[in-house]
Each structure stands twice: as C-alpha cells, then as structure tokens.
Amino acid sequence: MSTEITKTYNPQQIEDKWYSYWLANKLFKSTPDGREPFTVVIPPPNVTGVLHMGHMLNNTIQDVLVRKARMQGKNALWVAGTDHASIATEAKVVQMLREKGIKKSDLSRDEFLKYAWEWKEKYGGIILKQLEKLGASCDWDRTRFTMEPKMSEAVINTFIDLYNKGLIYRELRMVNWDPQGKTALSDEEVIFKDVQSKLYFIKYFLTENSKSEIQNSNKESMDYVVIATTRPETILADTAICVNPNDERFKHLVGKQVLVPFINRPITIIADEYVDMEFGTGCLKVTPAHDKNDYELGKKYNLEVIDILNEEGFLNEKAIDLRYIGKDRFAVRREIAVHLEEAGHILKIDEYKNQVGTSERTGAVIEPRLTLQWWVDMKKFVAKNPQVLDAVMNDEIKFHPANMKNTYKHWIDNIKDWCISRQLWWGQRIPAWYDEAGNFVVAITHDEAMAHYKIQYPTSNTQQLKQDDDVVDTWFSSWLWPISVFDGFEKMDNGKVSKENADIKYYYPTNDLVTAPEIMFFWVARMIMAGYEWMGEKPFKNVYYTGIVRDKQRRKMSKSLGNSPDPLDLIAQHGADGVRMGMLLSSPAGNDILFDESQVEQGRNFANKIWNAFRLVKGLEVKPDAEFDVEILESNKISADWFRGKLNDAYTDINEKYTDYKLSEVLMSMYKLIWDDYCAWYLEMIKPEYGKPINESTYNQTITFFDELMRLLHPFMPFITEEIWQNLSNRHAGESICVAAYPFGSNQTVNKVTAPKLDLAYELIQQVRNLRNSKGISPKETFDIAIKSTQEEMYKPYAFLIKKLANIGNITFVNNKQDKAVLLPVDTDEVYAFLNLQIDVEAEKAKIFKEIEYLEGFMKSVDAKLSNEKFMANAKPDLVEKERQKKADAVAKIQVLKGSLANL
C-alpha cells in the first residue's frame, strides 16, 4: 500500500490515515485463541477527565508494551475504559445544574441521576477519543465503564460477599470529611499540604470553685491555664482539658474545672500520658467531635461529644454563641480570634508551619467528623490472604523499580480499615436495607432484603425497608477492574470467581500494569487483595510505576499553576510520534520527569531524520551488481556486514533492557542505532557519488535494514514507522507493521556475521574531519595521508571507505616519522596528513602540549583510582583491567605526541 513520498514529513496527514486504517482492519481486536495472551488493563481515567501529561506518559508506555507483544506473535489485548469518579462527576453535574438554576436539593435521586447520565453520555468519552490521537492500540470494542450494569452488579455482589464473610461492617467512627463534596473520604484520599498558620495561645479561666480549692490546698494560686491551637473556632466544642499526669506544673489542677471562653461551659482538667509535656504549653484542649486523637481520649474518659459543624463546614446551633452560628468555619476562625483578643483570652499569637489535610478530589480542607459509615476490615482481609504481601516481596508480582516494594510493605504492615461509603448519589448504591428502628439487612433487591429481614427479625411487623442512601467508594469498583472487565463476577462459587468464563480463563492474570506511584495504595494494593480473594491468584505479573511529570522548576504539572501544556496542542505541533519519543526519552521507571518541550522537539527532529533517510534510500537509482567495480562491491559488503554487527549487538542490548523495563534506555539505544550508526555512518558508507547508481544487492540489504529498524522502533513511534514500512516494498491490503514480526523475536535468531573491526578506521576518519574543521579546509579538497602503525590490517581492507568518507587521495604505510605533515594520533598509531598549507609550528606545538597536559591529568585520575585500596578491593577484575588499559593507552599516546613535538 505504497504512497507518493512527500518532501517533508507531515505527521497530521499520516497519523489520521493510519489510525483509521488500523481500526478498519481491526488490528487491535483480540479474542481468545491458541496463542500466548498478553493482557494490559488501562488505569481507567475519570469519566470527567481530559488528556493531561501524566496520561500521555502512562498510556504511551502501555502502548509500547502492547505493540511489542502483538508483533511478537502474542494475542495482545489492551482493555480500555473509564471510571465513574463519584465525587468529581457529582461535582460537575451539580455545577451544571447550578448554571441552569437548579439545586440538587430540589431534585429526587432519580431525577438527579437522569441528569448525571445525560452529562456522562455527552462528555464521558472525550478522554478515550483523545487517546486515539496518541496512537493507543486498545481493543475499543471491549471498552468498559465502571457503572455499566454488569460492572455495577459485580460491585454489589462483592460487597455482599465480603459482608457475609465478616469483612465489611458498619460503625460510628471518626472519618475524613470533605465539606465541599459533602462526603467521607478514605485516608488515602487525603493529601497533606504544608501551610503557614497561626498558633493561638488561649487562656481558659478556672471556675471560682476551682480557684478556691487551689487556695485552700495551699497551692500557688492561678487564674487560668493556657492551651495552644491552630483552630480556635473549635473551642466551642471543647469538653475537657488534658495534661500529662507526670507534669509537676499541673498535677494540682487535675480534677479542677475551667470555663470555655464565651459560652462559659465548665470542663474538667483530666490527666493522660498521651499529652506531650514538651509540646506547646503542656495543656491540651480536648474536642472529641473534631479531632481523631481527641475522640479516642473522649471514649476513654467518657467525655461529651459536641459536633458544632454541619456537613458543609458551617457552625450549627450547638456552637451556642449566636455570633458564629451559620457561618463558615474559616470565617469564624478569623472572627473568634479577634473576639478572644478583645476579651483578654489571648496570651500571644505565633506564626506556625503545619500540615493540613485536603481532599484529593475537591481540594477542600478536610474536617474530622463523627459519622456512621461502612468499612472494610483490611487487617482481617490481609490476614486471610497473606499472598497480598508475600507475592510482592518474593517477586511473584514484580515491581519496577524494585524499591517500590518497601513502600508497599510499609503500607500493608500498617494497613487501616477502608471507609467505603460515600454520601453521594452518583455511584453504586449500598445494598443495605433499614427498618424504622435502624435495624438492617444486606441484599441486592427489596424482595431479597425482606426475606432476609423476616428471618433475622421474626417478631417485627415491618413490611417496607428503605435502602441506604450512600454509594460505595469509586475505588471499590476500581479494585475489581482486572476481573470485572472480563465479567468474571457473573458467576461465583463459594465466594470465588468461577473460571468457566472463556475471557477470564484466557486473559487472567494480566501481564503488565502501568500506573503512578501515588495510587499504589488506592488501587494497586487493593487489586492485589481482590485478585487473591476472588481469583485465588495475582491480578498481574509486573507493575511499572511511572514518575510524576514536573516542569523545569520541579513543580508538579497542574492547571492551577498553568505549567502544563495541552497534550493535543503538542501533538498538533510536533506529531504524536515526536511527543511519545520526547516523553519516553526522559522517563526511567519510578523517576520524576522534568518535562521540557525541547524533548518533544528532539522527538520531532528524529522523525524528520528518519524521513529524510527514507527519501534518500528510495531516491537511489539501482543497477545490477555486474555493472560495478569489485572495489565498490567489496566496500559495500564490508559496510553491510559492519551494520549487521551493530544491529545484532543492539538487539541483544535492547532485549535485555526490555526485560528490565528500562524503556527510556531501550529508546535511547534505538535512537543511537538509527541516527548514528544507520543514518550518519552506514548510509554515508554505501551512498554512491552524486548522480551515480547503487548496486542492487547493497540496495536490497539497505531496504532490509530499514525494514528491521522500523519494526524495532514501531512500538515507540507507530505512525512514521507504518508509513515508511508500507512504502519499503509492495504490501497487500490489510497488511500492517502492527502485526509484522518483531526483529529478533522469540522465534527468530540473529543473522550472525563476522562484523569488520572498523574502530580505528572510524577514528582516523573522525580525526581527518576534525582537522578539516580546525584548519578551515573544505570537505571537497583532497589530500594524502601516511600511516605509521604495527596493525596495518586494521586499515588496509578499509582503505576505499577511508578515502570515500574522509575524502583522502592516497594512503601509504610508513615506518618512520614524516616531515612537513600534521600528526593525527589514532589510538597509539601515527597518521600524517600532507596538507597544501604552511604549517604554523608554534600553534601545532601549543596544540600538542595541551593534548599532553590533558592526557597527563587523565593519567593522574586513573592512578588515583588504581591506588585506592577500597576501589581495588571491591571492583570487579575486568573493571580494574579496563582502568589499567586506559593508563597504558594514555602513556602510548603521550609518547606519540612527544615524538611529534620532536619532529616539529
């Protein structure tokens, strides 16, 4: 399917054309068959999302792995899909309704969900369409959505299964509350940020009775105690002051009472070793309703719990003081600080840097809140499935980079129960059903619930139960993803997935997961838990952790900072292949990427380089070998053998790096192979003089090399490689590089050749080129050289190539130093260039002295290493030998240069 070769590479025309071709020929489609499967499930982006740089990086890596596997003959499947993103989507829908003058509170649940589904249908597929622009080779016919019926059924069924196993429970506990989203969050959904706050030192005055008791006990009289807090608005909910029982300053105060400022509630001073005597004032205000640690103290000492905040973070009537009721918590903080100072309650105010928890979804400051929620008992879950930790630590599931295992282990060892209920409407509704008294049963439908209810509560006359208003956490659907995308939960036996399903039997466990390290706990760990709980085996074999994409100032890219380019704009400007390459060249696994658009420009320039090489090769006139001199044929044969050797070495190197998931190093190896070895050297070696033809066998070999290089590069740069591959020879309709054999695959062997040793010849050519540059000699001007060497066999067979690439006239081999010539050191050999120039002896001597000075400095560094006992004791023998050889080479070069000095 060849096309006319344009003068310049136009990625826009080529990319749209080939992506449509791939889809039309269903080249990404996968169904179970007899081949080895290779499965990747996409980390489902939020249905609210649009493509950002993190998506670009993550999905490019996935595409590289999938395309390579497909070319290796595996049945490659990349499953796409989106996540319903309860909090983010509900916020979008509420915003849309607000713009229409509609309040969520004015709608029924069903009415709201109707609007939400309309929004999803209109905007929900945007990000997947954008991934097509990137070249993502997903099987789009298998696209899933976490709230489609079958996937929602999986969520409900697994909830009930875990409840029946005693792994889900309902309890009144302190949670992370998002006042903007008006929902509970898990610990993993809270992002802590460093903020500059104020630390208020507030006087709590003792009651008159307490003052009298202190006086009567002959203790030092005092009027107040001082506490330090960054949240003065919460003093209205205080129910105790706590001190350390070992603190001599306050022992006599234990059991006494102080008054809460403004509302004059008497609260008792209690003693507990939880209080750090060295922190703050040594007195701690106890607010059980608004602090997790205070809540634990409250339970221990049976303190009253006074919740002064409503779900939106506004003070309610329990705050008592009418000046603050109905106002936002932060507004009250500012006001009450002023009022406290005016009333003489402030001792001092310090500047204070502390960490504040914020919602991962809305950015709102988290408020600890006491609510009744549903929880997964994670400690019991992990105890039931010890493979969750063992599989990662023993590399049954391999993490790339491996040091991520330590972070994973720490989280598992310190795992906390997972709050899975969310006070939202968009999502899978919790399958719990309640009577008027709050008694409940767990079941799918109302009829099933009533049947369970009558068994559990036989004396009740209740005929109608009300379903829980909350939905489950979005991550509760995401942790099922590697199983649910194949409808694995459609049939379960004794709490396990039945493997009668053809897809789950064939595609599970999946192969590679590519994800960001910040969702290791949100998603990766929980998928591993789900895999062992319901499948009895791991969900994937490898986890590749990408880094975070940052700008040149090391700031995380975000819309709010305005430092994140639009990926689609980058693709439009530089082409998808250029963007893919630019991202991957700078992204070793686990390391952050400092993104610079110059990297993408490098990718675009590489595409242009390949295109120009393609035009050069296809523009050559070809003649039979019989019409060419033997010298040309032999030289071209040497060139082809040399490049074949380079290819073979590259295949070995690249496959080793692929095995270790060092994708940025794989791409760099390909870049050097194509740009340096193929374009800069090989094509120059075989390129005929201007206007002359190339011999047929060399041309065919050059096309073969180009074909191999395009197949090698295809997973990284799919569009330009398809365009060139299609035009390298005649292709049939439906053929594609996507499914062409990957070079040096598992069923192939390297085309072994004895590669000629051109290292010295190349060094000579490079030295001549450098000489021309330094002397201002035109590349077209020919001059002769003489070579003084004990290894003439490293030059003579390649004399034709040396003459051609360095534009040399005659080459002679000599035993003595040559007069009236410029010395070019090549390794330990002496090459003399006979220039038609007056030699500036002093300048040449200065140049040689500088070179000798450099080599002597280099020798000192090598000597320092060889005299270092630690290095000699720990270095491998071959490394020590390399250092010794470096020294010997430097000594030999210095001798050559000193001889040249003497000659001058």
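Guide: A residue is called buried when its relative accessible area is under 20%, exposed when that area is over 50%, and partly exposed in between, as computed with a 1.4 Å probe and with protein chains only. The model before you is predicted, so that local features need pLDDT of at least 70 and side-chain atom pairs count only at pLDDT 80 or more, while totals for chains, interfaces and linings use all residues. Residues are numbered from 1 along each chain as its sequence is written, and side-chain values use heavy atoms, with hydrogens and water left out.

Visitor: Why is Thr510 called buried?

Guide: Thr510 has a relative accessible area of 1%, and the limit for a buried residue is under 20%, so Thr510 is buried. Thr510 belongs to strand 24, residues 510-515, where a strand is a DSSP run of E with at least two residues, a helix is a run of H or I with at least four, and both are numbered from the N terminus.

Visitor: What makes contact with Thr510, leaving aside residues up to four places away in sequence?

Guide: Contact means heavy atoms within 4.5 Å, and the residues that touch Thr510 in this way are Thr39, Val41, Phe486, Pro539, Phe540 and Lys541. For Pro539 there is a further detail, in that its backbone oxygen is 2.8 Å from a polar atom of the Thr510 side chain.

Visitor: How do you know that Lys114 and Glu118 form a salt bridge?

Guide: A salt bridge needs a side-chain nitrogen of Lys or Arg within 4 Å of a carboxyl oxygen of Asp or Glu, and between the side chains of Lys114 and Glu118 the distance from N to O is 3.1 Å, so the pair qualifies. Both residues are in helix 4 (residues 109-123), four residues apart, which is about one turn of the helix. An α-helix has 3.6 residues a turn, so residues three or four places apart point the same way. Lys114, at 54% relative accessible area, is exposed, whereas Glu118, at 41%, is partly exposed.

Visitor: What makes Asp413 and Lys409 a salt bridge, and how far along their helix are they separated?

Guide: Their side chains meet at 2.6 Å from N to O, and these two residues of helix 12 (residues 404-413) are four residues apart, or about one helical turn. Asp413 has 44% relative accessibility and counts as partly exposed, and Lys409, with 33%, also counts as partly exposed.

Visitor: How are the residues of strand 9 arranged, and with which strand does strand 9 pair in the parallel sense?

Guide: From strand 9 (residues 240-243), Ala240 and Cys242 point one way, Ile241 and Val243 point the other way, and all are buried. In a regular strand the side chains alternate between the two faces of the sheet. Strands pair if DSSP finds at least two bridges between them; strand 9 has four with strand 11 (residues 266-271), in the parallel sense, where Ala240 stands opposite Thr268. Strand 9 also pairs with strand 12 (residues 284-286), over three bridges in the antiparallel sense, and there Ile241 stands opposite Lys285.

Visitor: What makes helix 24 mostly covered?

Guide: Eleven of the eleven residues of helix 24 (residues 718-728) are buried, among them Phe719, Glu722 and Trp725. The elements that cover these buried residues include helix 1 (11-24), helix 2 (53-71), helix 20 (597-618) and helix 23 (696-713).

Visitor: Why is Leu683 called buried, and which residues touch Leu683?

Guide: Leu683, in helix 22 (residues 663-686), has a relative accessible area of 3%, which is under 20%, so Leu683 is buried. Not counting residues up to four places away in sequence, Leu683 touches Ala613, Leu616, Val617, Tyr678 and Thr702. Glu220, by contrast, is 463 residues from Leu683 in sequence and 96 Å from it in space, C-alpha to C-alpha.

Conventions: A polar contact is a pair of N or O atoms within 3.5 Å; within protein, one must be able to donate a hydrogen and the other to accept it, and residues adjacent in sequence count only if both atoms are side-chain atoms.
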